[in-house]
Amino acid sequence: MPLVVRDIMRLLSSVAEAREMKAAVRHSGRGALVTGAVAFVGGIVGGPPGLAVGGAVGGLLGAWMTSGQFKPVPQILMELPPAEQEKLCQQVTDIVRNLDWTDAVQLTTLVMGSEALQQRLLALLVNYVTKELHAEVQYGD
């Protein structure tokens, strides 16, 4: 049975939701820049003690700026451009090609009942998110 892209995105979303996958684009450069800038200003204003205080405050500010930017992977999947969704759909089709199913609900049930299939789809998702989106993957809360 031909796979509809929307159904494949739902299947991948189900797998990602089961593992509570989240992803975030890394902004460590921005955090480092803020840390350095605040430390520099602290050093100019307060000398050596100001440098220490500025470094500590800058580090906290940089960490705060880059935290909390994780989005659920299912949300990211649904926001992908159609061409990217189609690309993922083809990769999923290669994995589920030999399964015997009649509709998207049955396919999702088959996949969710098989740890091996879930692992293959998770590996595909992690690879896509890290390589194509240059994001960091996190599981659970």
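1. Asp-7 and Arg-10 join their side chains in a salt bridge, 3.6 Å from N to O (a side-chain nitrogen of Lys or Arg within 4 Å of a carboxyl oxygen of Asp or Glu). Both residues sit in helix H1, 3 residues apart, about one turn of the helix; helices here are DSSP runs of H or I with at least four residues, numbered from the N terminus. Arg-10 is partly exposed at 45% relative accessible area (buried is under 20%, exposed over 50%, partly exposed in between, with a 1.4 Å probe and protein chains only).

2. A word on conventions: this is a predicted model, where local features need pLDDT of at least 70 and side-chain atom pairs count only at pLDDT 80 or more, while totals for chains, interfaces and linings use all residues. Residues are numbered from 1 along each chain as its sequence is written, and side-chain values use heavy atoms, leaving out hydrogens and water.

3. The whole structure holds 5 salt bridges. One of them pairs Glu-132 with Lys-87 at 3.2 Å, N to O. Glu-132 belongs to helix H6 and Lys-87 to helix H4, so this pair ties together parts 45 residues apart in sequence. Glu-132 is partly exposed at 40% relative accessibility, and Lys-87 is partly exposed at 34%.

4. Arg-97 and Asp-94 also form a salt bridge, at 3.1 Å from N to O. Asp-94 is partly exposed, with 43% relative accessibility.

5. Is Gln-118, at 7% relative accessibility, buried or exposed? Gln-118 counts as buried, and its place is in helix H6 (residues 115–132).

Technical notes
Helices (H or I, at least four residues) and strands (E, at least two) are DSSP runs, numbered from the N terminus.
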